[in-house]
Amino acid sequence: MDALAFNISSIILVANITLAFVIVFMERRNPASTLAWVLVLMFIPVLGFILYLFMGQDLRRVKVFSSLEDLSFGELKGKYDNPLDEEGCDAVFKTDGDLIDLHRENAGSIYTSNNKITILKNGRKKFAALAEALEGAKHHIHMEYYIIRNDEIGRKIRDILARKAREGVAVKLLYDGMGSLKLPSSYTKPLLDSGGQAHVFYPPFLPHINVRLNYRNHRKITVIDGNKAFFGGFNLGDEYLGKSRKYGFWRDTHFTLEGDAVDSLQLQFIYDWQFASKKKMNFDRAFFPNRGKVGSCGVQIVPSGPDTKWESIYQGFFKLISKAKTNVYIQTPYFIPDQGLAEALNIAALGGVDVRIMIPSFPDHPFVHWASTSFLSELLDSGARAFVYKKGFLHSKILAVDGRVASIGTSNFDMRSFKMNFEINAAIYDKATVSKLEGQFLNDIKDCDEMTLDSYAKRPVTMKVKESISRLLAPLL
């Protein structure tokens, strides 16, 4: 028996050493992530090995997603050949031309100023506006979500999609294989029977069992007739209406977009659809209609994911924080910056910029929440302010700077969003819209408790231990 135990221990040791070798020498990781995985493998060998299989594999990432890079609609070339010729953009380019240039280079993002944005900050308004817009669809509906629930609101939207498909509208529904893991196949049957289409992005190997925790499609996009789009933080389910006993009121930010930037969302949906369906979509001019004057809001749609060369949303956040002169407001459910972003925030706060960070008061993912609170101490030392939202669950994802520029969308303020997930944000260059976002942030502070250096120091010992462990694992979360 002792010999058997020795042999098993030897096999585990060799397996862990081999895996550690692979991580260090064969995968292109940053040093913090590499060290974190080596620690996990050394201190919890069996569980660490299993966790790596679920969360750590990175070797096939380029091969799996390389096909996304080759997808494009050549027929669109020329429509936005000279984004600098936008009417009335001189002031925007004088103050933020460097950010616009960055997103054009790192993500191929087109700047357009003929846009109108409506902010939706609760589920009731979001789903009411979405249902109304879907009912009015004439040509096509393109929808993708990370999470879709088979509940009241999920079935209501599904039934609208099925009805529109029966009316002759081309309906395509895309959902993530991990976020919607519990969604039964029967959910899409009414849509498919009505002539609509549905696909799963990066599906599980076996039904209801998905070991592919990385590379999830976290985007939430709906495009209707190429003229109106919805995207932001809300997924599709009753909990986002505040009906969950666990979460209660759900504070999030979504918005409707009309205008030329809809083309960028449309194109991103097409990329994602072609990857999931493994079929090329035929070009249809109705996907990209010509428009008259819609509004004057400057927008760049910024995608990021494992298929892109640069971590474009991360780089945009870094640039925005570095440019700040008066204030930086951050709302996020998960606050896990790397050393670069943390240092940028510290430098801004030490330089007199009003840096405020808002996170939820309770976790939906405990380790992530504990890691989030662990990063606040140094920021509080530098003069930043931290707030914990008490009214319900805070899922809003906003970075607003100087009342002038904001980035909002699906990306959390963590390394999983910046490096692993398929995300999409809008960089907004419009003082009126950014002023509304900052106004909502300041209004949300009324439903928060401020975390001061004094209150932070009085945390229970058990919380400090949880934070210390989670902080070590932060590069993996």
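Is Phe-441 buried or exposed? In this predicted model, Phe-441 is buried, with a relative accessible area of 3%.

1. Phe-441 has an aromatic partner. A search of the whole structure finds 20 aromatic pairs. One of them joins Tyr-314 and Phe-418 in an edge-to-face arrangement, with 5.4 Å between centres and 75° between planes. Tyr-329 and Phe-441, by contrast, form a stacked pair, at 4.7 Å centre to centre and 5° between the planes. Because Tyr-329 lies in strand 11 (residues 327-331) and Phe-441 in helix 15 (residues 431-444), this pair ties together parts that are 112 residues apart in sequence. Tyr-329 is buried as well, with a relative accessible area of 8%; the cut-off for buried is under 20%.

2. The pair of Tyr-314 and Phe-418 also links distant parts of the chain: Tyr-314 belongs to helix 10 (residues 312-323) and Phe-418 to helix 14 (residues 415-420), 104 residues apart. Both Tyr-314 and Phe-418 are buried. Lys-419 lies over the face of Tyr-314, at 5.8 Å from the ring centre.

3. Two further aromatic features deserve a look. Tyr-240, Tyr-247, Trp-250, Phe-362 and Phe-393 make up one aromatic cluster. Elsewhere, Arg-158 sits over the face of Tyr-187, at 5.1 Å from the ring centre.

4. Strand 11, which carries Tyr-329, is part of an open sheet of nine strands in the order 1-10-19-17-16-11-13-14-20, with mixed pairing. Strand 1 (111-112) and strand 20 (448-451) stand at the edges with a single partner strand each, so one side of each has no neighbour in the sheet. Within this sheet, strand 17 (residues 405-409) and strand 19 (residues 423-429) pair in the antiparallel sense over five bridges. Gly-409 stands opposite Asn-425 in strand 19.

5. Strand 3 (residues 140-145) is mostly covered, with six of its six residues buried. His-140, His-142 and Glu-144 are on one side and Ile-141, Met-143 and Tyr-145 on the other, and both faces are covered.

6. Which strands pair with strand 3? Strand 4 (residues 170-176) pairs with strand 3 in the parallel sense over six bridges, and Met-143 stands opposite Leu-173 there. The chain passes from strand 3 through helix 7 (residues 152-166) to strand 4, and this β-α-β crossover is right-handed. Strand 6 (residues 221-224) pairs with strand 3 in the antiparallel sense over four bridges. Met-143 also stands opposite Thr-222 in strand 6.

Technical notes. Residues are numbered from 1 along each chain as its sequence is written. This is a predicted model: local features need pLDDT of at least 70, side-chain atom pairs count only at pLDDT 80 or more; totals for chains, interfaces and linings use all residues. Side-chain values use heavy atoms; hydrogens and water are left out. Rings of Phe, Tyr and Trp (its six-membered ring) pair if their centres lie within 6.5 Å; planes under 30 degrees apart count as stacked, over 60 as edge-to-face and the rest as tilted. Helices (H or I, at least four residues) and strands (E, at least two) are DSSP runs, numbered from the N terminus. Buried means under 20% relative accessible area, exposed over 50%, partly exposed in between (1.4 Å probe, protein chains only). A charge sits over a ring if NZ of Lys or CZ of Arg is within 6 Å of the ring centre and within 35 degrees of the ring normal. Two strands pair if DSSP finds at least two bridges between them. A crossover is right-handed if, with the strands pointing away from the viewer, the path from the first strand over the helix to the second runs clockwise.
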